[in-house]
Amino acid sequence: MVKQAAAGRPNHLFRNLNSKIASIPMILVATVIFLGGTIWTVFYSFTNSRLLPRLSFVGIEQYERLWASSRWIISIQNLAIYGILSLIFSLVIGFMLAALMDQKIRFENTFRTIFLYPFALSFIVTGLVWQWVLNPEFGVQSVVRSLGWTSFSFDPLYNPQIVIYGILIAALWQGTGLVMCLMLAGLRGIDEDIWKAARVDGIPMWRTYLFVVIPMMRPVFVTTLVIIASGIVKVYDLVVAQTSGGPGNASEVPAKYVYDYMFQAQNLGQGFAASTMMLLTVAIIIIPWAYLEFGGRKRG
Amino acid sequence: MNIRAMAATLAATVALPFGLANATDLEVTHWWTSGGEAAAVGELAKAFDATGNKWIDGAIAGSGSTARPIMISRITGGDPMGATQFNHGRQAEELVQEGLMRDLTEVAEKGKWKEVIRPASLLDSCTIDGKIYCAPVNIHSWQWLWLSNDAFKTAGVPVPKDWNEFVAAAPKLKEAGIQPLALGGQPWQANGLFDTLIISIGGKEIYEKVYQEKDAEVAAGPEMAKIFQAASQARDMAKGSNVQDWNQATNMVITGKAGGQIMGDWAQGEFQIAGKTAGTDYSCLPGLGLNEYLATGGDAFYFPLIEDEEKSKAQDILAETIVDPKVQVAFNLKKGSLPVRGDVDVAAANDCMKKGIDILAKGSVLISTDQLLSQDTQKQKEDLMSEFFASTSITPEDAQKRFVDIIASAD
Amino acid sequence: MADIGTLNRTAAGFDAVADRVASGPRGRRPRRALSPRNIMLYGTLFVAALYYLLPLYVMVVTSLKGMPEIRMGNIFSPPMEITFEPWVKAWAEACTGLNCDGLSRGFWNSVRILVPSVVVSIAVASVSGYSLANWRFKGSELFFSILIIGAFIPYQVMIYPVVIVLRELGVYGTLTGLVIVHTIFGMPILTLLFRNYFASLPVELFKAARIDGAGFWSIYFRIMLPMALPIFVVAMILQVTGIWNDFLFGVVFTRPDTYPMTVQLNNIVNSVQGVKEYNVNMAATLLTGAVPLIVYFVSGRLFVRGIAAGAVKG
């Protein structure tokens, strides 16, 4: 610092030079891959590129077709249902488990390992296992029927009306353990004095959680939200492994539409148009938030 | 814990350089992984290895729709395989136009492909700007109804002679606790079933009008409405077959759990592997027993352009091998498909294959949808059909309306 | 150098705080063993544990049954006759196309992909997180925001641009290419973790080192790195799991002789020869999941500790 000052404050570019050099990979990834890839994708969504990207522009034709496609509409609806429910249930179940785990229980390690281990398994594996458990011929349904309740019917993977909930069950199984861990870490960061003070004031436990502890855990919730939400938008493998989008189109999701149209239908333009709509939705939700969270505030 | 694996890895690394002094390795990607298919690929590999080269098998499981994106990414990414399977038709069209595929014209002329390969449409779809870019390996047709003789015996009805009788027998099958029609959940299966109904119930003209000339008026007409009604019947008959893969559905027919399945002639390979005999254990009805026309598609091998003299030579040899008469017979007997050459002896073929060969010889041949329609249009049809067959909430009339839209914008 | 000594002491003190924070549960003390509260508490935990354990149980039980027994029905019943044949078949004999050597080939391929990818991705992300937390420069937060938004982009959408970039770099289909891909897509979440962690360290540490004249790299290696062990463990666990479980990149960016285990798993599960061999599928699934599972069983404790030690502080 002293040396720098003596050199008479070099120009902007060379300040923090080492830091800039060290950040080159990050800058490249952010600009070339994420930003560049996005711009490239948006650009080619206005062409009628088929198997290979071609510069023959067709205006917004791809978008008109996209929004006229019933499969796309179903995909969006599914993502909305899946997204909202998965967000709510992940947070609620994750927090409840963490709160239970934080009651000075015995066998904490065992319980934590049990809740967390599914996160070690890929979505492909998760999908396969739950396909098996929910299979009406072998799984839950047939077992309950064999116990005597013969009219029992639970076949979410073969019923278009409820198939998305079958996927949700599997997704929660895989992901809530991680949420629980994050929440537990957050709870452990709360000062013991807060609990003491609440007890002295005679505030019931649930109110302490709801009005004191949870607001204090804001950073934990932010990290958790990023992780859950990014997982929701990206949901693909699980659907492919569990239902392949079926029955019919009933469990299709946007990421699968993109992939199928880009590569199977060999219609890059259509796939890119769908990608662009996904990116746009993400951007509308994320950018204001990311700006507030990471961009606006200056620190250290 | 991994001594075995380590030994295997070691063995592999040691064995490779020894065994193959002059041989060229050629990586071949394909999606043939069911029992019958794998056996057939084994024949190809054996024949290629006999030329002194080595077939490196690059099977990708999960049907063409899983495999093709991977193949295309690798070719466009500049890391091509030695050879790759595609369906006859337009799947690789743009890759060829982009100059990413090897020109096989010389090999084709040497082997007189133009004279021996029939129907000519197969070679036509390999030909772009007068040059030949792929080696056809087999002929497949979709228009087959496979019936389990056992299932009908159990239900106490005679084995149907055509689609209409099958529909009439469906209630009896249901009573006997047998699934009338087996249908896998993957979209391409519903799509293929529907196209089969067009040819077999609607006939040659309507098929050509709709798919070749893309005539939206015909697609909206009363003739097509009849086919959508038939599809709706098929939908009722297929209700409850909770399987995904085509060969799981075929297996239901093999074991007598289902009455029948509409599936391409590749199903034949599964019956064969299961040790079943055509005529006694199962029956096959080309053209659903109504209109004995076959739409001839199939598979072909494409050879990406590789700047490596040795590999290119090996590619030419593989192309020759694929069309070789002996290989054609050996491969297609295992696969259940028909050879691409008219001049080979298929005395070993079973009843079903002979029926197919006869139809081919009569010239009752149509061009397959893979050749007529782009992948994009095919995918849209698949989306529609899989939705239609999965849920009764779409009426045949609604489905037809959406079908007309697809045809109107088809290319 | 006396200052560094002080710093180390401060660091040790901080560690002790983190230890306390990370270890002890904080609720009210339990009273009687069989109070209604305890019954509720353990009852709920027990039921939840059943839901989480059920699929694993089904997997293990199914993988030990023969096919005839599976066809008879109940997936929850324990095997009448234990057989290890499905495991042997999944590991060494299951076929895809012409290759009948099961998952064994894929295991070493996965290891070869895993090790460099984990090392490189964590190294890059930790340095980025460090410079974001301690050495901000104009625009650094903007790049970081882009990166975070990048975390929300489905991989499938980015495949095409990435194929083009790798082709232009001439590394498509090589191990280097695959390592780059894993580094790129691991970067958003990892950088977020490291940035938050380094930002949560007492800023006095950093300032004192600066006064001592330590520069970017010497602070990173001599002060930050030794203190960042908990978060490195978290990052490592996340990356080992993510990369080991990856299917999409593994299949698009490799060749058959270098396919990772997940691709082979897909091949085995989807190559149906006649009937689905559920027992072999389950054994293959367990074998493929074994590495990340062991990592979790062994280091699950460190995982929570690491997260508690700063990853979740904003």
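In this predicted model, chain B holds an open sheet of four strands, arranged in the order β8-β9-β7-β10, and the pairing within the sheet is mixed. The edges are formed by β8 (179-181) and β10 (282-286) of chain B, each of which pairs on one side only. On average, and with direction ignored, neighbouring strands of this sheet are turned by 15° against each other. As a reminder, strands of a sheet pair through backbone hydrogen bonds, either parallel or antiparallel. An antiparallel example is found where strand β7 (residues 144-148) of chain B meets β10(B), the two being joined by five bridges. Here Leu145(B) stands opposite Leu285(B) of β10(B). A helix also packs on the sheet: α14 (residues 246-254) of chain B touches β7, β8, β9 (258-262) and β10 of chain B. The direction of α14 makes about 140° with that of β9(B).

Domain 1 covers 26-138 + 298-341, and domain 2 covers 144-295 + 367-408. Taken over C-alpha atoms, the centres of these two domains of chain B are separated by 29 Å. Their contact takes 19 residues from domain 1 of chain B and 17 residues from domain 2 of chain B. On the domain 1 side, the elements giving two or more residues are α2 (35-50), α3 (63-76) and α17 (325-335) of chain B. The largest share of that side comes from α2(B), with five residues.

Chain A can be described next, with 15 helices and zero strands. Its radius of gyration is 25 Å, well over the 19 Å that the globule rule gives for 300 residues, so chain A is more spread out than a compact globule. The C-alpha atoms of chain A fill a box of roughly 85 × 70 × 30 Å along the principal axes. Buried residues make up 48% of the 300 residues in this chain. Of the contacts in chain A with a separation of 6 or more, 68% are between residues 24 or more positions apart.

Finally, the largest nonpolar core contains 301 residues, and the members that touch the most others are Cys181(A), Tyr302(B), Leu147(C) and Ala284(C). Helix α9 (residues 163-188) of chain A gives the most to this core, contributing 15 residues. Domain 1 and domain 2 of chain B both give residues to the core, so it lies between them. In chain C, Ala284(C) touches Ala90(C), Ala94(C), Leu103(C), Leu265(C), Ile268(C) and Val269(C), leaving aside residues up to four places away in sequence.

Conventions: Residues numbered from 1 in each chain as written. Chains lettered and ligands numbered in written order. Predicted model: local features only at pLDDT ≥ 70, side-chain atom pairs only at ≥ 80, totals over all residues. Pairing = 2+ DSSP bridges. Axes fitted to C-alpha atoms, helices over the stretch in contact; angles between N-to-C directions. Contact = placed C-beta atoms within 7 Å. Rg over C-alpha atoms; globule rule 2.2 N^0.38 Å. Buried ≥ 20, exposed ≤ 12 C-beta atoms within 10 Å, placed from the backbone. Core = buried A, V, L, I, M, F, W, Y, C linked by C-beta atoms within 7 Å. Domains from an automatic or database assignment.
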